[in-house]
Amino acid sequence: KMMQNVHPAPENNEDDLYSGFNDYNPMFDTEDLENDVAFQQAARTSHGRRPPVTAKIPGTSSPRPLATGFGAGFYSTTLTSSMGRPMTGTIQDGVSRPMTAVQAAGYTKAAVRGSSFDPLGQARGPASPLERKTSDSLEEKMRQLEKKVNELVEESCVANSCGDLKLALEKAKEAGRQERELLRQREQIAPPEGINLDLTYTVLLNLASQYVANEMYAEALTTYQVIVKNKMFTNGGVLKVNMGNIYLKQRNYSKAIKFYRMALDQITSSHKQMRIKIMENIGVAFIKTGQYVDAISSFEEIMNISPNLKAGFNLILCYFAIGNGEQMKKAFKNLIEVPLEVDSEDKYISLNDDLHTNLLIEAIKNDSLSQIERERKSLAEEYIMTAAKLIAPAIETSFAVGYDWCVDAVKASHYVELANDLEINKATTYLRQQNFNQALETLKMFEKKDSRVKSAAATNLSFLYYLGNELEQATNYADLAVNSDRYNPAALTNKGNTVFANGDFEKAAEFYKEALRNDSLCTEALYNLGLGYKKLNKIDEALDCFLKLHAILPNSAQVLYQLASIYQIMEDPNQAIEWLLQLISVVPTDPYVLSKLGNLYDTEGDKSQAFHYYCESYRYFPSNIEVIEWLGAYYIDTQFCEKAIEYFERAALILPTQVKWQLMVASCYRRSGNYQKALEKYKVIHRKFPENVECLRFLVRLCTDMGLKEVQEYITKLKKAEKLKEIREQRIKSGRDGSARIRKDGSGGDGGTKGERLSAKLKALPGTSEPYESSSSKEIGASYADPLGPQPERPKTSARKRAEEDDFADEELGEDLLPE
């Protein structure tokens, strides 16, 4: 039926028969047909196509609906001509073409007029962007989940390396949760053989490591157990080393040894270094438990297989612990025979003037390999010197003999340069034992050695003689040290110290500056330079030195005190107080610093703060007379005389030969109104110091006011004491030929003689107009002490005789001495 409507094309129009067939219309896209609702509905009809629709006449602007149905690879639109004959939907120049049953081969015999050949369709421009293929398949979801797990593990490791341990643990836990979800989904669609064991191992190992980093040891052990017990993890046995390390941190040494041994059984001999490290851990665990014999077997096995410094030193410790001297010697020899694997330093010495070679040597002098070599050499020296000091008293009859054996053993090894350092260390050990003579003898042996050792020995000798105040010897050895090594900052500092002690501060400062030029971190030279500037009254330079030193040693008590002292000299008490406050944060129990702080606050007029710091100073050192005096004066000034008594009584205990403190105690009793106690105290003072005039004056006044009978006795004694005092003053004046200026005695009061006075605070105390106070402003004095010593005998004069007669005439004679 369809063939009835097919008519052959006219022969004369053959060139236009297939014209336009290669023009592609986007509406003919077949890839989206399954989403085309109209197409799917038409495919389900009995005719397999859409209902017929009437097309518009060609040339009209109305759109044409697409006909559904499979032709020979493209869709056609059925049109009805004016004659009622079905025509194809392709229109060329307004003329409809008859429908054909065969599609063109892909190109026309003759191209469309006016169009260029474009088989690739480049003239249509770029293709539309591809849409992301969205697949909801389970396999794709698992791939995404696996990728996410890997990312979480990486983030956890990065957070750990950055120090954020908490975040690292959280990421590790999240990775564990996601990995378990991945396993659950994979088990539903794949056999067990398809599970990614490497990912599971990575997640569990990272989680355990993060638990250890966060010190959650129980959780870490549980996680490690999951790995170790799973036989599918072929390398799980190695993790028993990690479990042993955890038990070692928990001080569960028996379990640590057990797991180390299990790990050792599962590691083949091809992993030599790992086996040695595990055996070292086993030996350390045995030392911790005191099982030195078992530890010795572990370390000896290491020294036989692959000797190293750490194992050799631990072996010496074990033999020392069990007291085996011969084995200590053997172990010491094994230690010094360990190959250091450090090349000679000759490779850093340039033998020619080649610029390229010199630049290369300078570049490798401090590269990472050179640093490793220096660290290894320093570690070897530390182990050997420590072992020598440890075993020296145990291997021979004395420390000196044992140390000499160690020195001889080192000299016979490839550590020959270390022998001199051991000798120097021997001298310093003598110093720590306070055996100065042996230290000096040991150091003097180096006077004929090479310059480096000679300079070190001479430096120590100079400092020892300097401490012993033997400046001549200290100077000689300081010169020897400087001549042996002109660039030794310690030698230059000692030389500066000897010059400083002789009072030449300018020259001393030059030596300190030279020491700083050779070593800018020589703190001793910088500190002494500051002291030198302080002596030279160069306050700004001294302040600069101590500020630099404070930047190097921020918690040095000496530096902080010097800064406070300098600001006090500069009359800046506020800055001085600030530095002293920093100082007491470093040394909170230093009584001198506390009293200094109290003095500054007192100068500034802050009595409450001054009282606080003076009390603190008194609490830590209750024997400082200045502090006691200030506190006593403070309580008298605040009308708490009873509180002042305990401070003056303590001062009287500290200085029992000075009467003024006892007089102050009696004065406090009088001020508080306790006259009976005051009288008793004055009587006690009179018995100890019978010639003290002030005590007798107060006894006379107290007895007079209280109506006591012994007043006449004290009056007589007072007159006699005053006459004796006057005679002594005349004698001093005569002996000094009038050069001494003697203060004359006042009419009474708490005043005293020269050299025995209270501070200015006590002068201005209130209540000086009391009935029992002296009307003079003189201070309380103690008994007289002749500053010139005993006087030479001189001829007796009539004046002396009259004085004695006057003295006798003033005595009240008893009835038994009157003439009959």
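1. Let me begin with Phe648, which sits in helix H28, residues 641-654; helices here are DSSP runs of H or I with at least four residues, strands are runs of E with at least two, and both are numbered from the N terminus. Phe648 has a relative accessibility of 0% and therefore counts as buried. The scale puts buried under 20% relative accessible area, exposed over 50% and partly exposed in between, using a 1.4 Å probe and protein chains only. Setting aside residues up to four places away in sequence, Phe648 touches Gly632, Ala633, Ile636, Trp661, Met664, Val665 and Cys668, where contact means heavy atoms within 4.5 Å. Between Phe648 and Ile628 there are 7.1 Å from C-alpha to C-alpha, with a separation of 20 residues in sequence.

2. A word on conventions. This is a predicted model, in which local features need pLDDT of at least 70 and side-chain atom pairs count only at pLDDT 80 or more, while totals for chains, interfaces and linings use all residues. Residues are numbered from 1 along each chain as its sequence is written, and side-chain values use heavy atoms, leaving out hydrogens and water.

3. On the overall make-up, the chain contains 34 helices and four strands. Of its 820 residues, 36% are buried. If you take the contacts between residues at least 6 apart in sequence, 53% of them join residues at least 24 apart.

4. Now the helix pairs, starting with H2 (residues 138-161) and H4 (residues 197-213), whose axes are 11 Å apart and meet at an angle of about 25 degrees. Axes are lines fitted to C-alpha atoms, for helices over the stretch in contact, and angles run from 0 to 180 degrees between N-to-C directions. That angle is why H2 is roughly parallel to H4; the classes are roughly parallel under 35 degrees, roughly antiparallel over 145, roughly perpendicular from 65 to 115, and oblique for the rest. The crossing of H2 and H4 is left-handed, that is, the near helix is turned anticlockwise from the far one by less than a right angle, with clockwise giving right-handed. Among the residues in contact are Val149, Val153 and Cys157 of H2, and Leu199, Val203 and Gln210 of H4. By class, the contact of H2 with H4 has six nonpolar residues, six polar and one charged. Here Ala, Val, Leu, Ile, Met, Phe, Trp, Tyr, Cys and Pro count as nonpolar, Asp, Glu, Lys and Arg as charged, and the others, Gly among them, as polar.

5. The pair H19 (residues 489-501) and H20 (residues 505-518) has axes that come within 8 Å and cross at roughly 170 degrees. H19 is therefore roughly antiparallel to H20. Their contact includes Leu492, Val499 and Phe500 of H19 with Phe505, Phe511 and Tyr512 of H20. The residues of this contact divide into nine nonpolar, four polar and three charged.

6. For H21 (residues 523-535) and H22 (residues 539-552), the axes come within 8 Å, crossing at roughly 155 degrees. This makes H21 roughly antiparallel to H22, and the crossing is left-handed. Residues that meet include Leu526, Tyr527 and Leu531 in H21, and Cys545, Phe546 and Leu549 in H22. The contact of H21 with H22 has ten nonpolar, two polar and three charged residues.

7. Helix H15 (residues 416-432) deserves a look of its own: its 17 residues reach 25 Å from first C-alpha to last, close to the 24 Å expected at 1.5 Å a residue. The expected span is 1.5 Å times one less than the number of residues. Buried positions in H15 include Leu418, Leu422, Glu423, Lys426 and Tyr430. After H15 comes Gln434, with a positive phi near 60 degrees.

8. Thr459 belongs to helix H17, residues 451-467. Its relative accessible area is 8%, so Thr459 is buried. Beyond its neighbours within four places in sequence, Thr459 contacts Ala481, Asn488, Ala490, Ala491 and Asn494.

9. Arg251, not a glycine, has a positive phi of about 60 degrees and lies in the loop between H6 (240-249) and H7 (253-266). Arg251 is exposed, with a relative accessible area of 66%. Asn469, in the loop between H17 and H18 (471-484), has a positive phi near 65 degrees. Asn469 is exposed as well, at 62% relative accessible area.
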